[in-house]
Amino acid sequence: MMEKPVYHKAWLLVLPMLALVCFSAIVPLMTVVNYSVQDTFGQNNFFWAGLAWFTETLASERVHGALGRQALFTGLILAIEVPLGIFVALNMPKKGFWSTFCLVAMSLPLLIPWNVVGTIWQIFGRVDIGLLGWTLDHLGVDYNYTRDTLDAWITLVLMDVWHWTSLVALLAFAGLKSIPDAYYQAAKIDQASRWKVFRYIELPKMRGVLTIAILLRFMDSFKIYTEPFVVTGGGPGNATTFLSIDLVKMALGQFNLGSAAAYSIVYFLIILSVSWVFYTVMINMDKKGT
Amino acid sequence: MAKITLSNLAHSYLPDPQGPEDYALKELDHVWEDGRAYALLGPSGCGKTTLLNIISGLLTPSQGRILFNDEDVTDKATATRNIAQVFQFPVVYDTMSVRDNLAFPLRNRGAAASHVRERVSAIAKMIGMEHDLDRRASGLTADSKQKISLGRGMVRGDVNAILFDEPLTVIDPHMKWELRTQLKSLHREFGHTMIYVTHDQTEALTFADEVVVMHEGRVVQMGTPEELFERPAHTFVGYFIGSPGMNFLDAHVKGAKASVDGTEIDLGADYGEPAGRVRIGVRPEFVTYHAGGSGLPVHLRRVEDVGRHKVLRTDFFGNELNALAPEGAEVPADSGRLSFDPRGINVYVDDWRLAPRDAAPGPSGRAA
């Protein structure tokens with residue numbers, strides 16, 4: 001490989017971008033950091049609190065509860081959306097009018113804003129005027145997402161699956177389309193079963209796009225706020241109070257700035273480290289092969 | 001192992017083909033004898049791959065039947081035909097090791113572990129990858145991957161036929177020669193029916209017992225390399241095989257004489273008086289260029305020294321005619337005359353070869 005010359009003045013070219021990022025992201029984030037290490041008794045007088053807020057956050061049962069619910073929610077939707085998305089992609093028409101039709105139809109949920117999705121499901125599930133709620137009620141199913149924890153969870157998980165499975169399916173479809181015909185022909189010649197074609201051809205070829213899909217779905221679902229806020233408002237009780245909802249309650253509802261700042265930094269670090277670990281593991285698995 | 005019969009076969013990629021131009025493969029009757037090595041030779045787009053995919057069952061023909069021995073397999077799926085096929089570009093199962101790749105077709109058929117082990121090590125040795133068996137296939141170079149594909153094609157000992165679709169396209173030149181030699185020795189050893197698609201005449205002529213030349217969806221000639229060289233059945237075969245290809249000249253033929261723009265040429269055999277577009281075809285190997293005497297008056301345009309001989313490019317009233325001269329020969333400058341060895345002259349009527357009336361002995365002493 002060619003030796004590349006090292007030219008340190010090139011760093012100067014990064015400066016304008018760095019200034020922009022500072023202005024839009026790093027400095028605002030620093031105010032959060034600032035709050036997280038200070039306390040106040042009002043009148044805008046702050047004093048140093050050290051890591052007290054962090055110790056409190058890490059020990060807080062309230063935070064543990066929200067984190068547990070969050071992990072369960074993200075785990076559930078990944079466990080449903082990834083296999084379902086792959087299944088849909090495998091069964092989509094590969095070309096022609098119906099292929100285009102499916103692509104467009106499946107993109108539609110992705111285009112709907114979060115709060116609208118929330119509102120759609122909020123109404124859809126209502127027992128008095130919502131199609132789903134009304135139908136279930138008339139079929140004799142005791143369904144009420146505002147009162148029953150399980151019903152609330154089912155509604156939220158279904159809503160997320162409805163909203164985001166398309167993303168996984170579209171990415172998986174793109175991965176499948178990139179497989180040359182010769183692979184399928186060779187598999188036929190080698191008398192591979194349908195399962196083996198999936199296991200040894202399709203799945204390995206979809207690895208890259210699935211990594212992206214899982215990463216995106218993990219990050220997005222771990223930060224979910226608007227939809228559960230609109231549908232259940234975190235209830236019944238605290239049953240669907242995920243991390244974001246809890247955090248907003250703490251910061252803006254209770255105006256507990258120190259705790260909330262420490263909370264958001266911990267929250268941010270969790271997402272960052274999980275994504276990093278996942279990505280690194282996937283990349284290393286790839287390298288091991290070569 | 002099987003004899004493969006194609007009966008009345010044709011294929012069109014269009015749902016509703018109208019004329020012959022809509023067919024990628026025109027009507028064809030052909031028998032691939034059991035245990036022979038065939039090369040299917042022709043330019044890109046002549047229908048070679050279509051024919052191959054029909055034999056392996058990846059394509060269902062628009063019409064006609066395919067028989068393995070005497071069993072009709074036209075509607076049978078690829079898997080049940082027990083065929084091996086190697087494609088132009090390497091296909092490996094990325095997540096498997098080289099060993100598992102080679103074992104895959106055997107394991108899918110439920111072969112015993114001891115048999116798998118034995119075959120895999122034999123094939124690995126043949127393709128020169130015994131030391132890479134435990135590596136993952138995804139990190140290998142293109143030619144190693146293609147060797148794995150070849151190996152997978154040959155690992156099953158009981159296949160009806162092995163089909164190769166330009167398998168050496170991505171392989172290094174020196175490795176090409178080596179692999180082709182190994183394929184030949186494998187053929188001698190196990191006697192599989194082999195069909196080898198290529199557009200490279202050297203590959204075809206060195207690999208096969210018999211070469212099938214295709215042109216625009218049609219088989220134009222089938223024969224030994226010798227026959228294709230000496231007695232091309234169609235002008236296309238003349239052009240396509242040999243380097244440079246056959247020379248063609250419009251001529252008026254009567255009996256054993258041809259006349260080309262007033263010059264009489266001795267044909268060495270009686271062809272009667274054919275009607276239509278009549279041409280004579282002579283390979284450069286049977287053309288000599290000399291300063292004086294009788295023959296076609298030509299203008300010498302270029303001399304190409306290709307090492308073992310010289311190629312003389314000459315011009316005869318706008319027709320390019322090529323001749324060969326031995327490496328050390330003196331070549332008269334500018335203009336001279338060409339004379340043809342009657343044993344190397346063929347007569348073509350509307351592109352198809354016309355057999356002489358009294359079978360004159362050919363250059364190798366064989367009747368044409």
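Hi everyone. Domain bounds here come from an automatic or database domain assignment. With that in hand, let me walk you through this structure, which is a predicted model.

Let's start with chain B. The assignment gives chain B a domain 1 covering 4-230 and a domain 2 covering 243-354. How far apart are the centres of domain 1 and domain 2 of chain B? Taken over C-alpha atoms, they are separated by 38 Å. The C-alpha trace of chain B spans about 75 × 50 × 35 Å along its principal axes. If you like counting elements, chain B has 9 helices and 22 strands. Of its 368 residues, 42% count as buried. And if you take the contacts in chain B with a separation of 6 or more, 65% of them are between residues 24 or more positions apart.

Tyr239 of chain B, Y239(B), has its place in helix α9, residues 235-240. Leaving aside neighbours within four places in sequence, Y239(B) is in contact with G245(B) and M246(B). For a sense of distance, D29(B) is 210 residues from Y239(B) along the chain, and their C-alpha atoms are separated by 24 Å.

The peptide bond joining S243(B) and P244(B) is cis, with omega at about -5 degrees.

Another backbone detail in chain B is F317(B). Phi of F317(B) is near 45 degrees, which is a positive value in a residue other than glycine. You can find F317(B) in the loop between β18 (309-316) and β19 (319-326). F317(B) has 12 other C-beta atoms within 10 Å and is therefore exposed.

So where do the two chains meet? On the chain B side, 22 residues are in contact with 14 residues of chain A. Three elements of chain B each supply at least two residues of that side: α2 (78-81), β6 (83-86) and α3 (98-108). By class, the side of chain B that touches chain A has 11 nonpolar, 7 polar and 4 charged residues.

Let's cross over to chain A and its helices. Two packed helices are described by the angle between their axes and the distance between the axes. Take helix α7 (residues 149-177) and helix α9 (residues 194-222) of chain A: their axes come within 8 Å and cross at roughly 150 degrees. That angle is why α7(A) is roughly antiparallel to α9(A). The crossing of α7(A) past α9(A) is right-handed. Which residues meet there? From α7(A) they include W164(A), L167(A) and L171(A), and from α9(A) they include M206(A), V209(A) and L216(A). The residues of this contact between α7(A) and α9(A) divide into 13 nonpolar, 3 polar and 4 charged.

Helix α7(A) has another partner to show you: helix α4 of chain A, residues 97-111. Here the axes come within 8 Å and cross at roughly 130 degrees, which makes α4(A) oblique to α7(A). This crossing of α4(A) and α7(A) is left-handed. M106(A), S107(A), P109(A) and L110(A) of α4(A) meet a set in α7(A) that includes W162(A), H163(A) and L170(A). By class, the contact of α4(A) with α7(A) has 7 nonpolar and 3 polar residues, and no charged ones.

Q191(A) is in the loop between α8 (181-189) and α9. Q191(A) has a positive phi of about 60 degrees, although it is not a glycine. With 21 other C-beta atoms within 10 Å, Q191(A) is buried.

Finally, I271(A) has its place in helix α12, residues 257-289. What does I271(A) touch, not counting residues up to four places away in sequence? The answer is M219(A) and F222(A). I271(A) and M219(A) are 52 residues apart in sequence, and 6.7 Å apart in space, C-alpha to C-alpha. I271(A) is partly exposed, with 14 other C-beta atoms within 10 Å.

Notes: Residues are numbered from 1 along each chain as its sequence is written. Chains are lettered from A and ligands numbered from 1 in the order in which they are written. This is a predicted model: local features need pLDDT of at least 70, side-chain atom pairs count only at pLDDT 80 or more; totals for chains, interfaces and linings use all residues. Two residues are in contact if their C-beta atoms, placed from the backbone, lie within 7 Å. Helices (H or I, at least four residues) and strands (E, at least two) are DSSP runs, numbered from the N terminus. Ala, Val, Leu, Ile, Met, Phe, Trp, Tyr, Cys and Pro count as nonpolar, Asp, Glu, Lys and Arg as charged, and the others, Gly among them, as polar. Axes are lines fitted to C-alpha atoms, for helices over the stretch in contact, and angles run from 0 to 180 degrees between N-to-C directions. Angles under 35 degrees count as roughly parallel, over 145 as roughly antiparallel, 65 to 115 as roughly perpendicular and the rest as oblique. A crossing is left-handed if the near helix is turned anticlockwise from the far one by less than a right angle, and right-handed if clockwise. A residue is buried if 20 or more other C-beta atoms lie within 10 Å of its own, exposed if 12 or fewer, and partly exposed in between; C-beta atoms are placed from the backbone.
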